[in-house]
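Please view the sequence and the structure below before reading on.

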Amino acid sequence: MPEKKSVDPAITELLDKAMAEGINTVFDRAETTKACPIGSVSACCKNCSMGPCRLTGKTEVGLCGATKATIAARNLARDIASGAAAHSDHGRDMALTLLAACEGHAPDYGIKDERKLKAVAAYLGIPTEGRDKVEIGRDVALATLSNFSSTKAEVDSVKRAPPKRQEVWRNLGIAPRGVDREIVEVLHRTHAGNDQDAEHILDHGLRCALGDGWGGSMLATDISDILFGTPGPVAARSNFGVLSETEVNIVIHGHEPTLSELIVAAAGEPDMIEYAKSKGAAGINLAGMCCTANEILMRQGVPVLGNYLSQELAIVTGAVEAIVVDIQCIMQGLVAAAKPYHTKIVTTSPKAHITGASRIQFDEHRAMEIAKEIVKLAIDNFPNRSKNKVQIPNYVNHLVAGFSHEYLNYMQGGIYRESFRPLNDNIMNGRIRGAAGVVGCNNARVTHDDAQTYIVKELIKNDVLVVTTGCNAIACAKLGLLTPEVMNIAGPGLREVCQTIGIPPVLHMGSCVDNSRILTVLAQCATEGGLGEDISDLPVAGFAPEWMSEKAISIGTYVVASGVTTWMVGHHPYSNSPEVVDMITEGWKKKVGAAYYFEPDPEKAVLEALAHIDAKRAALKLEEYNPTRYAQSETYLPADYTSHENFAKGLYSRAGV
Ligand code: XCC
Ligand code: SF4
């Protein structure tokens with residue numbers, strides 16, 4: 001059990017309140033419920049009813065003779081399949097919404113970003129010349145759907161990878177054919193008595209994960225951008241201080257932008273605000289949680305309340321009228337935690353009911369009407385708020401988010417000269433040592449937000465540019481790492497580049513499905529010139545600190561399969577088979593040019609990743625990284641930035657200060 005539960009003082013404050021009020025949260029349950037030592041290393045198989053078989057002590061094989069390697073590989077492949085299914089089913093629903101909108105059945109949705117529509121149409125092979133956007137949109141939706149259960153040789157977006165990478169996949173026979181097909185095939189292969197060669201199972205695991213990253217997730221991002229707009233920089237706020245004492249607080253939690261975008265619209269309607277006032281509230285205040293937060297932050301600047309482990313504590317503030325959830329990362333514990341409070345938990349997805357929660361089923365055909373119904377339910381609940389139970393931790397941080405691939409491209413050369421040249425050049429000359437994607441969840445087995453923010457800070461100190469998504473992005477937001485001021489702790493070379501281009505050293509790129517944005521950025525860096533020809537040549541690394549979900553396993557795997565060595569910061573869930581551990585590290589280095597590490601120590605992970613980045617630089621024959629070579633003059637720190645010491649003290653600023 002971690003000594004300290006969270007590095008976020010708002011969480012610490014609310015945990016004290018929860019304890020005083022007798023509320024049991026995930027933090028308490030992490031103390032009373034120990035992780036199973038057998039399952040946590042994949043020493044258990046329950047794929048048939050002769051088991052579950054425990055491969056511990058002297059037991060080398062299961063009843064059927066399955067080896068430790070087979071069992072660990074099957075477990076890993078199934079984790080990938082489940083994670084890929086979650087992301088991809090989300091992508092499918094986005095496509096169905098686009099289709100309904102273009103066929104006139106979903107009047108509250110439309111094509112917001114025509115430029116993106118045309119770009120996506122181009123890589124899906126859909127003609128755009130002289131055609132109406134609704135017609136193109138319909139074809140894009142249908143073509144997207146055909147990538148799921150396809151009869152194709154490859155999903156369309158495989159073409160978006162650098163040619164060399166495509167070759168690697170084709171040579172190994174792991175270019176994904178259809179998103180659904182690869183997931184089904186994992187389940188088939190891992191059924192009792194089928195594929196029983198660990199390496200062969202894992203090859204297919206790679207293929208399935210690629211179907212997620214370059215298939216389902218990428219299409220989810222693309223269609224979200226078409227429907228709701230491609231993100232550009234927005235300023236916003238984060239942490240519990242964004243809740244309002246006087247307004248109706250609605251927390252939007254989950255993953256999809258479909259409903260949440262309309263709740264944002266509904267909450268801004270004059271009749272809704274009037275209605276809130278008629279109930280004694282000053283207005284309506286929205287705050288996001290988990291990846292829905294990221295979706296509406298990136299496009300609308302809606303404030304972010306917190307990440308995965310914060311959800312029950314939102315209730316404990318006593319100030320939240322409704323937590324509206326759609327899919328994924330929603331703890332069942334919300335319902336029990338809400339019992340002693342007035343907060344209503346509202347489930348909305350046909351795919352995610354929770355026993356005991358309120359339910360307003362979402363239907364894209366009547367989207368606005370339903371969004372208003374939800375907002376009204378929250379408003380009606382406002383009079384039930386008991387003032388003496390309210391405690392809103394007074395912590396807020398400012399942030400800048402909204403860095404889509406398109407924006408990064410535009411930012412480095414304007415609309416006529418879009419490129420990644422400045423970034424590549426500065427990596428080549430060593431001002432920027434390399435880049436890292438830091439994603440990841442929250443995990444109650446370790447100190448909340450600690451490894452997340454530690455790793456990001458260490459990387460930027462070492463002149464490594466960071467891109468972030470998901471719950472890591474939210475941890476960074478809360479800790480003040482998404483502000484330009486954070487340049488004060490960045491290494492001098494990185495700082496100089498960030499100041500010149502006008503970007504913060506930590507770039508928030510969106511939700512978990514938006515890790516696909518990172519893939520396309522990597523593809524462009526690799527083909528821009530000067531940094532090799534394949535993603536695996538780039539001086540970059542991946543991290544997933546505090547990861548917990550199967551989605552994280554799928555993401556980690558597709559990032560590795562794309563050529564980026566990745567550190568999952570946490571215990572090794574497949575370590576019962578040293579053979580499998582070797583296959584996904586040394587083995588995958590040979591196959592896909594990148595290794596998949598599970599490392600519990602964040603410090604060690606950072607050191608290994610820096611060494612890896614330097615080795616990639618050396619292989620490219622780039623300038624050796626030298627931290628004192630650039631930007632040594634004090635004038636590089638503009639006077640209006642706070643001093644190092646003051647900034648460090650103020651990492652958590654009190655609201656309004
Ligand atoms: Fe869920 Fe996407 Fe993990 Fe956060 S980071 S806990 S998966 S919300 Ni993807
Ligand atoms: Fe045991 Fe084999 Fe059945 Fe797994 S598939 S539970 S190892 S008998």
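Leaving aside its neighbours within four places in sequence, with which residues is Ser310 in contact? The model in which this is examined is a predicted one. Ser310 is in contact with Ile11, Phe240, Met289, His448 and Lys478, once its neighbours within four places in sequence are set aside. Ser310 itself is found in the loop between strand E6 (304-306) and helix H12 (311-316). With a relative accessibility of 0%, Ser310 counts as buried.

**Helix H5**

Helix H5 covers residues 133-146, which makes 14 residues; at 1.5 Å a residue they should span 20 Å, and the end C-alpha atoms are 20 Å apart, in agreement with that expectation. Its buried residues are Ile136, Gly137, Val140, Ala141, Ala143 and Thr144. Seen down the axis of H5, these buried residues fall within an arc of 170°, so they line one face of the helix. Among the elements that cover the buried residues of H5 are helix H3 (68-102), helix H4 (114-124) and helix H8 (198-228).

**Helices H17 and H18**

Helix H17 (residues 450-461) and helix H18 (residues 470-478) have axes that come within 9 Å and cross at roughly 75°. Angles of 65 to 115 degrees count as roughly perpendicular, and H17 and H18 are therefore roughly perpendicular to each other. On the H17 side, the contact is made by Gln452, Thr453 and Val456; on the H18 side, Cys471, Asn472, Ala475 and Cys476 take part. The residues of this contact divide into four nonpolar, three polar and no charged.

Leu459 also lies in helix H17. Its relative accessibility is 0%, and Leu459 therefore counts as buried. Leaving aside neighbours within four places in sequence, Leu459 is in contact with Ala436, Val438, Val464, Val466, Phe543 and Leu610. Leu459 and Gly434 are 25 residues apart in sequence, and their C-alpha atoms are 9.3 Å apart in space.

**Backbone features in loops**

Gln328 has a positive phi although it is not a glycine, and Asp449 likewise has a positive phi without being a glycine. Their values are set out below.

| Residue | Phi | Location | Relative accessible area |
|---|---|---|---|
| Gln328 | about 65° | loop between strand E7 (322-325) and helix H13 (333-338) | 19% |
| Asp449 | about 70° | loop between strand E11 (434-438) and H17 | 1% |

Buried means under 20% relative accessible area. Gln328, at 19%, is therefore buried, and Asp449, at 1%, is buried as well.

A further backbone feature is the cis peptide bond that joins Gly51 and Pro52, for which omega is about -5°. Pro52 lies in the loop between strand E1 (44-45) and strand E2 (53-54).

Apart from neighbours within four places in sequence, Tyr596 is in contact with Ala552, Ile553, Gly556, Thr557, Val560, Thr566, Met568, Ile584, Thr585 and Trp588. Leu531 is 65 residues away from Tyr596 in sequence, and the two are 22 Å apart in space, C-alpha to C-alpha.

Key. Residues are numbered from 1 along each chain as its sequence is written. Chains are lettered from A and ligands numbered from 1 in the order in which they are written. This is a predicted model: local features need pLDDT of at least 70, side-chain atom pairs count only at pLDDT 80 or more; totals for chains, interfaces and linings use all residues. Side-chain values use heavy atoms; hydrogens and water are left out. Axes are lines fitted to C-alpha atoms, for helices over the stretch in contact, and angles run from 0 to 180 degrees between N-to-C directions. Helices (H or I, at least four residues) and strands (E, at least two) are DSSP runs, numbered from the N terminus. Angles under 35 degrees count as roughly parallel, over 145 as roughly antiparallel, 65 to 115 as roughly perpendicular and the rest as oblique. Contact means heavy atoms within 4.5 Å. Ala, Val, Leu, Ile, Met, Phe, Trp, Tyr, Cys and Pro count as nonpolar, Asp, Glu, Lys and Arg as charged, and the others, Gly among them, as polar. The expected span of a helix is 1.5 Å times one less than its number of residues. Buried means under 20% relative accessible area, exposed over 50%, partly exposed in between (1.4 Å probe, protein chains only). The arc is that of the directions from the helix axis to the C-beta atoms.
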